[in-house]
Amino acid sequence: MRKTWLAVMLALVLVGIISSTPLPSWAQAKGPIKIGYITPLTGPMVSNGRDTLAGFQLYLEEIGYQVAGRKIEFIVEDDEAIPATSLTKTRKLVEKDKVHMMSGGLMASTGYAIATLY
């Protein structure tokens, strides 16, 4: 059940990315598709964070870390379930690592903090 849900969510995100950009530019694009992922890997929510990360990584392994002929670069950051840390890590992923999309954000408190960022 969890595997199917994760596959559906990733497919919807990828369809959204591809459909929002003209196909020729995606076909001609070079380099990997960068996915940023924030989740608590330390602190009180570590168990939930590791489980969601493991599910995402399992799916990426099954598709060989690539989609539409392009490699997927998966960048994981620990937000410790702390809103301020989540903001800092999200800024890093977007501004420094130049991720194409973000995922994760397990806690509502971190989600509210990130929602105001971009």
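Visitor: Let's start with Phe-74: buried or exposed?
Guide: Phe-74 is buried, as its relative accessible area is 16%. Buried means under 20% relative accessible area, exposed over 50% and partly exposed in between, with a 1.4 Å probe and protein chains only.

Visitor: What kind of model are we looking at?
Guide: This is a predicted model, where local features need pLDDT of at least 70, side-chain atom pairs count only at pLDDT 80 or more, and totals for chains, interfaces and linings use all residues. Residues are numbered from 1 along each chain as its sequence is written, and side-chain values use heavy atoms, with hydrogens and water left out.

Visitor: OK, back to Phe-74. What does it touch, leaving out residues up to four places away in sequence?
Guide: Phe-74 touches Ile-35, Tyr-37, Leu-53, Phe-56, Gln-57, Leu-60 and Tyr-65. Contact here means heavy atoms within 4.5 Å.

Visitor: How many aromatic pairs are there in the whole structure?
Guide: The search finds three. Rings of Phe, Tyr and Trp (its six-membered ring) pair if their centres lie within 6.5 Å; planes under 30 degrees apart count as stacked, over 60 as edge-to-face and the rest as tilted. In one of the pairs, the ring centres of Tyr-37 and Phe-56 are 5.1 Å apart with the planes at 50°, so that pair is tilted. The pair links distant parts of the chain, with Tyr-37 in strand 1 and Phe-56 in helix 3, 19 residues apart.

Visitor: And where does Phe-74 come in?
Guide: Phe-74 makes a tilted aromatic pair with Tyr-37, 5.5 Å centre to centre and 50° between the planes. This pair also links distant parts of the chain: Phe-74 is in strand 3, 37 residues from Tyr-37 in strand 1.

Visitor: Which residues make up the largest nonpolar core?
Guide: There are nine of them: Ile-33, Ile-35, Tyr-37, Leu-53, Phe-56, Leu-60, Ile-72, Phe-74 and Met-101. Such a core is a set of buried Ala, Val, Leu, Ile, Met, Phe, Trp, Tyr and Cys residues joined through side-chain atoms within 4.5 Å. Strand 1, helix 3 and strand 3 each give two or more residues to this core.

Visitor: Zooming out, how many helices and strands does the chain have?
Guide: Five helices and four strands, running α-α-β-α-β-β-α-β-α from the N terminus on. Both kinds are DSSP runs numbered from the N terminus: helices are H or I with at least four residues, strands E with at least two.

Visitor: What order do the strands take in the sheet?
Guide: The sheet is open, with the order 2-3-1-4 and mixed pairing. Strand 2 (66-67) and strand 4 (101-104) stand at the edges with a single partner strand each, so one side of each has no neighbour in the sheet. Two strands pair if DSSP finds at least two bridges between them.

Visitor: In which sense do strand 1 and strand 4 pair?
Guide: Strand 1 (residues 33-39) and strand 4 pair in the parallel sense over four bridges.

Visitor: Where does helix 3 sit?
Guide: Helix 3 (residues 46-62) lies across strand 1, strand 3 (70-78) and strand 4, at about 160° to strand 1. Axes are lines fitted to C-alpha atoms, for helices over the stretch in contact, and angles run from 0 to 180 degrees between N-to-C directions.

Visitor: Backbone next. Which residues other than glycine have a positive phi?
Guide: Among them are Ala-81, with phi near 60°, and Lys-98, with phi near 55°. Ala-81 is in the loop between strand 3 and helix 4 and counts as buried at 17% relative accessibility. Lys-98 is in the loop between helix 4 and strand 4 and is exposed, at 53%.

Visitor: What about Ile-82, where is that?
Guide: Ile-82 is in the loop between strand 3 and helix 4 (83-96), and is partly exposed at 37%. From Ile-82 to Pro-40 is 42 residues in sequence and 8.3 Å in space, C-alpha to C-alpha.
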